[in-house]
Amino acid sequence: MRHVLLIEDEPNIIEALSFIFLRDGWKVDAHSDGANAVATTVQTAPNAIILDVMLPNRSGFEILEELRSLPDYKDIPILMLTAKGQTKDRDTAIARGATQYMTKPFSNAEVLKTMNALVGHAP
Amino acid sequence: MIGKRDQTMKRAANAARGQRLTDSALILPCVGMILFLLPIMWLRSSEVAPAAGIATSTALIYLFVVWAGLICCALGLALLIKRFGVGRS
Amino acid sequence: MLSLDLLIFVSLIYVAFLFGVAFWAERASDAGRGGWMRTPLIYTLSLSIYCTAWTFYGAVGFAARSGLEFLTIYLGPTVVLIGWWLILRRLVRIARAERITSIADLLSSRFGKSALLGGLVTVMAVVGTTPYIALQLQSVTTSISVFAMGTQNILSSTNIALWTAAGLAVFTIVFGTRNLDVNERHSGVVMAIAVEAIVKLLALLAVGVFVVWGLAGGAGDVLARIDASPISQWEVSTGRWIGLTFLSAAAFLCLPRMFQVMVVENSEESHLATASWAFPLYLLLMSLFVIPIAVVGLDILPAGSNPDLFVLTLPLSAEQNGLAMLAFLGGFSSATSMVIVAAIALSTMISNHIVTPIWLRARGQGATISGDVRSVVLISRRISIIGILTLGYLYYRISGGGAALASIGLISFAGIAQILPVMLGGIFWQGATKIGALAGLICGLLVWSYTMFLPSFGPEVLISQELIDHGLWGMQWLRPTALFGIQGLDPVVHAVFWSILLNSFAFVAGSILSRPSPLERVQAVQFISAFDSGPSARGWQRGATDAEDLLGMAQRIIGAAQAQNLFRTAAQRQGKQGYLPDPTPQFLETLERGLAGSVGAATAHAMLGQMARGSSVTVEDLMAVADETAQIMEYSNQLEAKSGELTTTARKLRDANNKLTTLSIQKDAFLSQISHELRTPMTSIRAFSEILQDPDLAEGDRPKYARIIEDETQRLTRLLDDLLDLSVLENGQVSLELRQASLRDILDRAQASANAGQHIKIRRSAGREDISILTDPDRLTQVFINLMSNAVKYCEVPQPELRIIVTETPVAMTVDFIDNGDGVDKANQDMIFEKFARASDHTKAGGAGLGLAICREIISNLGGQIFYLPGQRGAAFRISLPRD
């Protein structure tokens, strides 16, 4: 079962991503606030995460760091999305343990392909 | 060099003039007080010998002349002090 | 004979004219056109309140009875003014630096801001001035009764006195307590007094000229008549001549009304230089014709005529009704101007040194509780004025306007002169202490009462004949008229000599025997070193006092606008932006002086003490400061000034550097922000565009996704519009469409577009919004909409409320938007006007965070300012716009 958690604050982007992944047969959960993101992750137990950098109340980098510090989520695939488009952000993301990094706007097919590759699902 | 020396001289001259003006400003009221107290002495003399006393009208004129003189001095002093800006910090 | 009706009619016209002058002067001064009113000439003329009705009418009587002696009353002040460099200049300088409001305040401030001393001096001043006011009321009624002689007397003399007192109370309240000026200056009153000064001088000169060249045969004839008259029989008394000259000089310095016009109302030190010769000249002219009038009066008028009224009766006897009328107005002016200034001076003293301290104590916690101290001060001043005039009237009624009043002038002088030793000691002698001052004043007051004031009512009125003849407890050496068995002195000289001597002795002895409190030492250094430049000795230690609390308190006392001004200036001096300076000792001291202008030194000190308690002014701190010798203090003052300068420069540099660093960081942040704001909508657009291309998509979903794309496109457009708007505004390329518009319309329009009324309660002051301003109404509306929507978004309380307050001054107009939410953190207050700065969660704002930045640019393009107003509980923004 492919199960993705979308941590993203823009409702329209959540809608788009949900549509894409649902159509591809994924189970999709979404969370739109930085504060309780880790708790939601533990609750929903996804096997992949898409994480935005600019979130209200808590930055995506901090969430990433905390998730990586938990034994259960040390190796979970995490795709980071950012709209800032600076190489500094990419380095930070990789350094803190993101599995993949993509800049907004993205191609739907590419996100899907990347995520499927990350969870080891053959196309 | 000369310019600098001139300036020093000027400053010294200014300071001396300020001192002179300040002194005058302090001495003037003392002079006034003494002159205003003078009538005590001559009017007294009329007691001893009435004929030798000084007439009231003369005393009156004396006092007003002293008064006017003091006013003129004060005016001059005020103008000088204002002009040279003495006492301004 | 002049009809009484005409006389009263003319007097009323004259009074109305004075009201007009005062009113016009206040208006001119409010509009900033009052510069010429602060000229040395007006200042000199205002000093003429020294010449009261007592000198206007009484000088001739004095001369008729005691010859040239009357001149001493003018010679004393002449010497004081000619010697302005020594005493007056010092007083004015100290009063300016310490924001002194009255002579009571001077002494209270000098001796450790003592409330007790201020109260005592106030009581002395009231006791000394009341008989003097009664004397003025009497002179008005007596002079009217001269005209009423032989006619049907409709008005009783008590009625006249009552109406005069009431009229004076009204005038004084209207122009003397109109506002609580920090400097206690009253342009209307001063102007009216200047006019009265001219009237009385002209009147006396006119009567004099008429007497010398009309009634007598010119100057030569008058001189001959003088030597032939009874006046020439007069013999000078050394004691009286010296004593009265001294007394008049002392009173000139100490009379509350003289202190008011000479020191408190002085706006520039250089005016003293002009007054030093001009006022003696005024006095000379006032006394020039006194002896001729006396001599001719004694010659021409029937024996037994009252010489106190020669100024009126001589023209009347020659049927010169117009001249008599002028003379009457001169006397009237002398009386009224004295009463008005005396009432203002005394009411200031009573409210600052008696009412306010008591009120503060009664309120328990003093200034820390809310409440408008200003209104208490103003009301207490108004009531004091009525009280003072009532006292004067009652004194007049009780003393019956009899002969006892004749010597009142000198008795009052002697009472007030008791302040002189302490005052001079206070400004010249660093060792003078509060205990010494109290001892001196009380001693002087007791001796004066015993030897002069009580006996003045006559035997058996207040003290018995027995006591006068045999002394207190039958001790001969305690006889009120011959203390220590020294007989044969003139009573006035006797009383003045002993009271001043014992007063000075007690003052010096008390000062030497007692130790000054730390605060007294600090104040002593301040007063004695008034002419040394540089920052003053420190009274306050740096504490954790919150500048915002201080601002709140200061607003209640000196008014919002003035307090904000004071704080902003102080902040600027420290090199800071905004309204909140660091509570440094220097700032606290400036603030204390500012407050002292309204409520007196002692009260201001107590209030600040309460605010800063715990963190300030421990006795040890003050001791440490005060124990330094004068030289060390001066040296350290100079060093301090220099290091202060360095600190300010360093702070400015640091600020500049910080600003540059911040700007660079801001530039990066700005670019990444723009990137974020642009890419976010584009992400949605791209994602849904791709989705829409999928042929398998359910038909029902297509319009929904198309709508999302459209929304996001609009969001992008809006952002670009805002950015362009801001860039145009920032570069000053904007073209404003200026026209006259009503502020109310603009606010109405903004409120409707922001649809703010539905989400938040808006309170406006409809009455004040009727202002027409030259502006770009669309741009201003844009700003108002922005501020209203901000309040809607960020004010998170159950009953959100937004107050919009419009304030108007002649040069500017301010609009405050104050909500009742949590406000903006101090840390964020500086940042909120920056681009993309959002104080909190950004999704809620809905915009890109450019709103306040755009507001700031629009307002600055309109020539105004917008800033965050701290200390108002909720979030508060102030827009100030210039008027025309």
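What share of the 89 residues of chain B counts as buried? In this predicted model, the value for chain B is 22%. The secondary structure of chain B consists of 2 helices and 0 strands. In chain C, by comparison, buried residues make up 51% of the 884 residues, and the secondary structure comes to 36 helices and 9 strands. Of the contacts in chain C with a separation of 6 or more, 80% are accounted for by residues 24 or more positions apart.

The largest nonpolar core contains 203 residues. Within this core, Cys254(C), Ile293(C) and Val311(C) are the residues with the most contacts. Helix H17 of chain C, which spans residues 321-362, contributes the largest share of the core, 22 residues. At least three core residues come from each of two domains of chain C, namely domain 1 (4-29 + 43-366 + 373-399) and domain 2 (418-532). When neighbours within four places in sequence are left aside, Ile293(C) is in contact with Val60(C), Val207(C), Gly208(C), Val211(C), Phe310(C), Val311(C) and Leu314(C). Another core, of 42 residues, lies apart from the largest one. Its members include Ala48(A), Ile49(A) and Phe106(A) from chain A and Ile691(C) from chain C.

S3(A) pairs with strand S1 (residues 3-7) of chain A in the parallel sense, over 4 bridges. In this pairing, Ala48(A) of S3(A) stands opposite Val4(A). S3(A) is also joined by 4 bridges to strand S4 (residues 78-82) of chain A, and these two strands run parallel. Here Leu51(A) stands opposite Met80(A) in S4(A).

Chain C contains an open sheet of 5 strands with mixed pairing, in the order S4-S6-S7-S9-S8. Its edge strands, S4 (761-764) and S8 (865-868) of chain C, each pair on one side only. With direction ignored, neighbouring strands of this sheet are turned by 15 degrees against each other on average. Among the strands of chain C, S6 (residues 801-808) and S7 (residues 812-819) run antiparallel and are joined by 7 bridges. Arg803(C) has Ile818(C), in S7(C), as its bridge partner.

Chain C is in contact with both other chains considered here. The contact between chains B and C takes 31 residues from chain B and 32 residues from chain C. On the chain B side, helix H1 (2-48) and helix H2 (56-84) are the elements that give two or more residues. H2(B) supplies the largest share of that side, 15 residues. By class, the side of chain B that touches chain C divides into 23 nonpolar, 5 polar and 3 charged residues.

Between chains A and C, 17 residues of chain A are in contact with 18 residues of chain C. Helix H30 (630-692), helix H31 (701-730) and helix H35 (842-845) of chain C each supply at least two residues of the side that touches chain A. H30(C) gives the most to this side, with 13 residues. The side of chain C that touches chain A has 5 nonpolar, 8 polar and 5 charged residues.

Asp711(C) is placed in helix H31 of chain C. Asp711(C) counts as partly exposed because 14 C-beta neighbours lie inside 10 Å, whereas 20 or more are required for a buried residue and 12 or fewer for an exposed one. The C-alpha atoms of Asp711(C) and Ile685(C) are 9.2 Å apart in space, and the two residues are 26 residues apart in sequence.

Methods. Residues are numbered from 1 along each chain as its sequence is written. Chains are lettered from A and ligands numbered from 1 in the order in which they are written. This is a predicted model: local features need pLDDT of at least 70, side-chain atom pairs count only at pLDDT 80 or more; totals for chains, interfaces and linings use all residues. A nonpolar core is a set of buried Ala, Val, Leu, Ile, Met, Phe, Trp, Tyr and Cys residues joined through C-beta atoms within 7 Å. Domain bounds come from an automatic or database domain assignment. Two residues are in contact if their C-beta atoms, placed from the backbone, lie within 7 Å. Ala, Val, Leu, Ile, Met, Phe, Trp, Tyr, Cys and Pro count as nonpolar, Asp, Glu, Lys and Arg as charged, and the others, Gly among them, as polar. Two strands pair if DSSP finds at least two bridges between them. Axes are lines fitted to C-alpha atoms, for helices over the stretch in contact, and angles run from 0 to 180 degrees between N-to-C directions.
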